[in-house]
Amino acid sequence: MANWVALRCVECGHEVARSADGQKCDSCGAVYPTHQASGIPVFVPTSSPLNVEEILAHKITESALDLDVAKSHWQTGKLRELLDSCAGKRVLNYGSGDGGDRRWLEQAGYELVSFDIYPGPYTDVVCDGHFLPFADAQFDLVVSTAVFEHLYNPFWAAKEIARVLKPGGALVGSAAFLEAYHANSYFHMSHLGLSEVFKRAGFTKVEIYPGWSYVESLNGRFWPWNNVKAINRLTRPWRRLRYKFGMWLWKLAYAMKGREVPDRVRLGFCGSLIFKAVK
Ligand SMILES: [Zn+2]
């Protein structure tokens, strides 16, 4: 983990000094173990539902990494455009999975700190996103792709993100809207829901854009054969085309009335939404 990162106790908020043989809070006495195989520190408070024993026993597998997904996030497209619109290079990857995004973000010149709820080949810390082990106002940017639907209290988590961001810092990422339940997802949010979560956490400016469509996320995934990767690759262009055609019809219908497509249509049929929220 980068030297500039100041850690704090997830029980009492006091600063915690770095140490090779585990971290201990001088104020409340909380002790934070280290995942032995990787040396990654584990900062989980007693009030978190995460199981520390399970985290410590977790086996890291490099072969399961899907680096292409990370590449699709950050090499081109809306997320990259939003990232490029932000100032500063110190980034927290909030819910980084195995940390596969690291390579792409570092190539783009960012200094990265990555965490998730289990240790991965390219992660720095294990913690619960509702209790971040970082001191206030340290990051220029927080990136978070496909994580918010997995949070049991997104309002609370957004407040923690705002706390560790510098004033004027930004949160950039994506969250599920019309995606099916997957991997312990709790709250899938519309653009209004997302906006509410961020504004109540203290973010002043929120922008929301369409991610992938419901035709790809719901309709596509529902059919069992589309869960076979090779078939999915073949049928995906057809689904994208159908959605584009439908959206074109909406645009045409509104253009005839001399109006822009409203958010209800533009964002209302999205599998996921992409966002930028500025503190
Ligand atoms: Zn403490």
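This protein has 9 helices and 13 strands, counted as DSSP runs numbered from the N terminus (helices are H or I with at least four residues, strands are E with at least two). Its radius of gyration is 20 Å, close to the 19 Å that the globule rule gives for 279 residues, so it is as compact as a globular protein of that length. That radius is taken over C-alpha atoms, and the rule is 2.2 Å times the number of residues to the power 0.38. Heads-up: this is a predicted model, where local features need pLDDT of at least 70, side-chain atom pairs count only at pLDDT 80 or more, and totals for chains, interfaces and linings use all residues. Residues are numbered from 1 along each chain as its sequence is written.

**Overall build**
- The C-alpha trace spans about 65 × 40 × 35 Å along its principal axes.
- Buried residues (20 or more other C-beta atoms within 10 Å of their own, with C-beta atoms placed from the backbone) make up 40% of the 279 residues.

**The largest nonpolar core**
- A nonpolar core is a set of buried Ala, Val, Leu, Ile, Met, Phe, Trp, Tyr and Cys residues joined through C-beta atoms within 7 Å.
- The largest one has 62 residues, and Cys127, Val142, Ile161 and Leu273 touch the most other members.
- Strand E11 (residues 165-176) gives the most to this core, with 6 residues.
- Leaving out residues up to four places away in sequence, Val142 touches Leu92, Tyr94, Ile161, Leu165 and Leu171, a contact being C-beta atoms, placed from the backbone, within 7 Å.

Notes
Buried ≥ 20, exposed ≤ 12 C-beta atoms within 10 Å, placed from the backbone. Contact = placed C-beta atoms within 7 Å.
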